[in-house]
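Student: I am new to this structure and would like to go through it step by step. Could you show it to me before I begin with my questions?

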Amino acid sequence: MSGHSTYEPKTGIERWLDVRLPIIRFGVDLLDFPTPKNLNYWWTFGGILAFCLVTQIVTGVVLAMHYVPNADMAFNSVEHIMRDVNYGWLVRGIHANGASMFFLAVYIHMFRGIYYGSFKAPREVLWILGMIIYLLMMATAFMGYVLPWGQMSFWGATVITNIIGSLPVIGPAITTWLWGGFAVDNPTLNRFFSLHYLLPFVIAGVVGLHIWALHVPGNNNPTGVNVKSKEDTVPFHPYYTVKDGFAVAVFVLLFASFVFFNPDGLGHPANFTPANPLVTPNPIVPEWYFLPFYAILRAIPDKLGGVIAMFGSIGLLFVLPWIDTAKTRSMRYRPAARLFFFFFVVTCLVLGYCGGHEPAAHPFPGGAVGTFLDADLNSFVWLSRIFVVYYFVYFLVITPVLGLIETPLPTPESISSPVLPQGAAASPEKKG
Amino acid sequence: MATTNPHEDPNRRDFIHIAAAAAAVGGVAAVAWPLVDQMNPAGDTLALASIEFDLTKVALGQQVIVKWRSKPVFVRHRTPKEIAEANDVKLSDLRDPQTDAERVKPGKAEWLILIGVCTHLGCVPNFGQGPYGGWLCPCHGSIYDTSGRIRAGPAPLNLYIPDYTFLSDTKVKIG
């Protein structure tokens, strides 16, 4: 933590506690944490994500009181929650849509980190902890989606566990071990429930480390310029508790609009059919937040190659602090980088769009235009391939090379200086 | 009896450290293994080894799906035309080269018995779809021919053949 503790115990009992367990000091220091005064609304997603995690844990604990993790009863117990349990429809609606809201917020949070260079030194460990949280979130969401034991649950579980089976030599043994049998079945459902209950608490632990790692260098900010003096910061409370609180309120509006007006809008109709191990629904698609990776998996015409590309696309994010060579943190002062970044965001969205369609379907009107290599050029598989290439080029070529050759715009001397009139000193404390 | 100062006898002290650490690592591994292995298939799951199936249920040209070890098994009663199609394919055209004869029992070419799990990512391919007269996987578009061999799409291998034996002309034991 930068700066000294400002807490002074006022009462006798506080002084007594402070030398035994300084927990009040800990809380006061968190609230007093000096935070850059120029944080914009993109910085509120950390608070929004904390809200999402708490929401998922609270609703999840409630659902576990009514859910039965057994292949014969799971589907019916979910219907029981939806129809019979008091407010069960509400709690499950929040939990199921909460997963989508959680991913929406985490993607914005990650794009913000990339745009403003929040992963750059000295925040590499902070970034990697965030990526670990993201991986844990994906595992948790995947196992949670299996629990209702509908057709999409079952076949999603089958496809994802088979992905691991494509590893050479050890793959099939690992798959059997994960399944606890020769296919996805009751043992699989049981252990997924156990782990789905466990992992959110692991996430909470890593979030603690993430916040710890945040409080060592302190927040990055939209200029990417380091905090130079006390004048560049404000205490977290009340300034950012209120700003985050307002953002959470707006976010809850969106959240509630799904829960109350479109509770199944992000789900899939096939999951209203109980799991049937003998019939695969057509088509099977993952939840929207996995679609870009699904598109990458399908774009490669080789099983193991597709799996490597998919994991590689996430792995690259882990090493981003070392492949980005730029000295300037924030893309606010890197016009060329900004352009490539926006195209990268578009790439992720297009890949998501491709992941939701049949590979052979035509994305553009006009039908088939002619086969190139293994598929028609006007197909989602070729559209995916073009954008998969950009995804990897962005990280492996553009990010390292552009950092070396781009001349950034001049960065402000300090966080305070851009808001001051031309020529004025960056020392607002002298202005009274 | 010699009174040795342990500080002057580094070898003996090192030995105790290494032995203690090795015992601790061995102990942790011995405890960890049951915690890992409990996730492997349980005894009753492994015990579901074989099933018997009455082939008269499958009309000529049709397919019946039976469940074996939680997996779908395709039992196909092939027409002479389908068998001929499977035999007419050049091995060099195949991704996972296998003759049709290697995939059926001798003299029983009309019966094709396959594990109905796509070798790509485990979905169940649909019978009677795709340009090769066999199966089309709804998940990622793998296409199999009348012998269950992979012909197009992302799957790397032919559909697997389970272990099975003919108990009589109309009865087969799978597993």
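Student: How many residues of chain A are in contact with chain B?

Tutor: Please keep in mind that this is a predicted model. Taking contact to mean heavy atoms within 4.5 Å, chain B brings 25 residues to the meeting of the two chains. On the side of chain A, the number in contact is 25 residues.

Student: Which three residues supply more of the area that chain A buries against chain B than any other three?

Tutor: Between them, chain A and chain B bury about 2300 Å², and 65% of that area is on carbon and sulfur atoms. Of the area that chain A buries against chain B, 33% is supplied by three residues, namely Trp177(A), Phe182(A) and Leu278(A).

Student: How many residue pairs are in polar contact across the interface of chain A and chain B?

Tutor: Salt bridges are a separate matter, and across the interface of chain A and chain B the rule finds zero of them. For polar contact, where both residues must be at pLDDT 80 or more, the number of residue pairs found across this interface is nine.

Student: Which element gives the largest share of the side of chain A that touches chain B?

Tutor: The elements of chain A that give two or more residues to this side are helix H7 (151-165), helix H8 (171-179) and helix H11 (291-299). By type, the residues of the side of chain A that touches chain B divide into 14 nonpolar, seven polar and four charged. The largest share, five residues, comes from H7(A).

Student: Which helix gives the most to the lining of the largest cavity?

Tutor: A search of the whole structure finds four cavities of 30 Å³ or more, and about 170 Å³ of space lies in the largest. Its lining has 16 residues, and the closest to its centre are Gly156(A), Ile160(A), Val285(A), Pro286(A) and Glu287(A). Helix H6 (124-146) and H7 of chain A each supply at least two residues of this lining. With six residues, the helix that gives the most is H7(A).

Terms used. Residues numbered from 1 in each chain as written. Chains lettered and ligands numbered in written order. Predicted model: local features only at pLDDT ≥ 70, side-chain atom pairs only at ≥ 80, totals over all residues. Heavy atoms only, no water. Buried area = accessible area lost by both parts, 1.4 Å probe. Salt bridge = Lys/Arg side-chain N within 4 Å of Asp/Glu carboxyl O. Polar contact = N/O pair within 3.5 Å; in protein donor to acceptor, adjacent residues only side chain to side chain. Helix = DSSP H or I, 4+ residues; strand = E, 2+ residues; numbered from the N terminus. Nonpolar A, V, L, I, M, F, W, Y, C, P; charged D, E, K, R; others polar. 1 Å grid on protein atoms, 1.4 Å probe; cavity = no way out; pocket = protein on both sides within 12 Å on 5 of 7 lines; lining within 4 Å. Points joined across faces, edges and corners; volume = space filled by probe spheres on them.
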